[in-house]
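Open the viewer and get ready to select residues by number. Each stop tells you what to pick and what to look for.

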Amino acid sequence: MPDLILHTYDWVPDAPRGFVRDLRVRWALEEARLPYRVESTPFQERGPEHLAHQPFGQVPWLTDGDVSVFESGAILLHLGEKSPKLMPADPRGRTEVIEWVFAALNSVEMAALPWVMFNFMGHTSGPQWEFVDGFVKLRLSRMEPVLAQREWLAGGFSVADILMADVLRVIDNFNGLADSPAARAYVARATARPAFHKAHADQMAHFAKAD
Ligand SMILES: N[C@@H](CCC(=O)N[C@@H](CS)C(=O)NCC(=O)O)C(=O)O
């Protein structure tokens, strides 16, 4: 039995399928070819067992033997220690990956999340929308020259790219990368990887099982 267990919901509504953050973890596990299995936790009832592992009642979390990790960024850094395919071992390379992991989550996803929610609610006009949209556009405009100059964020492909590409692909889903050709090309490059395809297909199949 593999020690690595990815925990995700047993079911989610159609809209977020293909975007639930367990995909980030599946993707990393597939890139590194680490053996793992998936266990489900109820979407409807988030009981004490769930909250003991993920205090916000969210997914994903990962158990690795008797270690339990929540937050997709923390999970990917944990997995990064297990494979040079996810994070280089040398201190400089590691630090570069870690900084881009935080940038993906704390600089780009932080701006993208309200933008996605506004889109989801169809609230795409008016001063609040202009503010949120301007914030995302500013972040994208800063990412554009970075992504135009390199294939991957920190040398070779790493967990930083899994996170950044996953964040950008949500923006792309609402056509938010129309003026960001380098970001679009980066998302296309990252999601062309076989490990992404497997992770995406597995997530879709997992939630479909519960329909
Ligand atoms: N910062 C967390 C966010 C986790 C998160 O938002 N998970 C979503 C699924 S993608 C969730 O569980 N949503 C249900 C909820 O918030 O109640 C992470 O990156 O792991």
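Where does His 123 lie? Select His 123: it sits in the loop between α4 and α5 (127-149). Keep in mind that this is a predicted model. His 123 has a relative accessible area of 34%. Buried means under 20% and exposed means over 50%, with partly exposed in between, so His 123 is partly exposed. Now show its contacts. Leaving out residues up to four places away in sequence, His 123 touches Phe 118, Gln 128 and Trp 129.

**A patch on the surface**

Next, select Leu 113, Met 117, Phe 120 and Met 121. Together they make a nonpolar surface patch of about 460 Å². Met 117 belongs to helix α4, residues 91-120.

**An enclosed strand**

Go to strand β1, residues 4-9. Is β1 largely enclosed or left open? 6 of its 6 residues are buried, so the rest of the structure largely encloses β1.

β1 and β2 run parallel and are joined by 6 bridges. β3 pairs with β1 in the antiparallel sense, over 4 bridges.

Pick Ile 5 to see both pairings. Its bridge partner in β2 is Arg 37. Its bridge partner in β3 is Thr 63.

Then color helix α1, residues 22-32. β1, α1 and β2 form a right-handed β-α-β unit.

**An enclosed helix**

Select helix α3, residues 72-80. How many of its 9 residues are buried? The count is 7, so α3 is largely enclosed by the rest of the structure. Among the buried residues are Ser 72, Gly 73 and Ile 75. What covers the buried residues of α3? The cover includes β1, α1, β3, β4 (67-70), α4 and α6 (159-173).

Most residues other than glycine have a negative phi, and most peptide bonds are trans. The next stops depart from that.

Select Val 59 and Pro 60. A cis peptide bond joins them, with omega about 5°. Pro 60 is in the loop between α2 (48-53) and β3.

Move to Glu 71, in the loop between β4 and α3. Glu 71 is not a glycine, yet its phi is positive, about 80°. Its relative accessibility is 40%, so Glu 71 counts as partly exposed.

Finish at Asn 175, in the loop between α6 and α7 (181-191). Asn 175 is not a glycine either, and its phi is positive at about 60°. Is Asn 175 buried or exposed? At 58% relative accessibility, Asn 175 counts as exposed.

Key
Residues are numbered from 1 along each chain as its sequence is written. This is a predicted model: local features need pLDDT of at least 70, side-chain atom pairs count only at pLDDT 80 or more; totals for chains, interfaces and linings use all residues. Side-chain values use heavy atoms; hydrogens and water are left out. Buried means under 20% relative accessible area, exposed over 50%, partly exposed in between (1.4 Å probe, protein chains only). Helices (H or I, at least four residues) and strands (E, at least two) are DSSP runs, numbered from the N terminus. Two strands pair if DSSP finds at least two bridges between them. A crossover is right-handed if, with the strands pointing away from the viewer, the path from the first strand over the helix to the second runs clockwise. Patches are made of residues with over 30% relative accessible area and no salt bridge: like charges are joined within 9 Å, nonpolar side chains (Val, Leu, Ile, Met, Phe, Trp, Tyr) within 5 Å. Accessible areas come from the Shrake-Rupley method with a 1.4 Å probe; for residues, only the protein chains shown count as cover. A salt bridge is a side-chain nitrogen of Lys or Arg within 4 Å of a carboxyl oxygen of Asp or Glu. Contact means heavy atoms within 4.5 Å.
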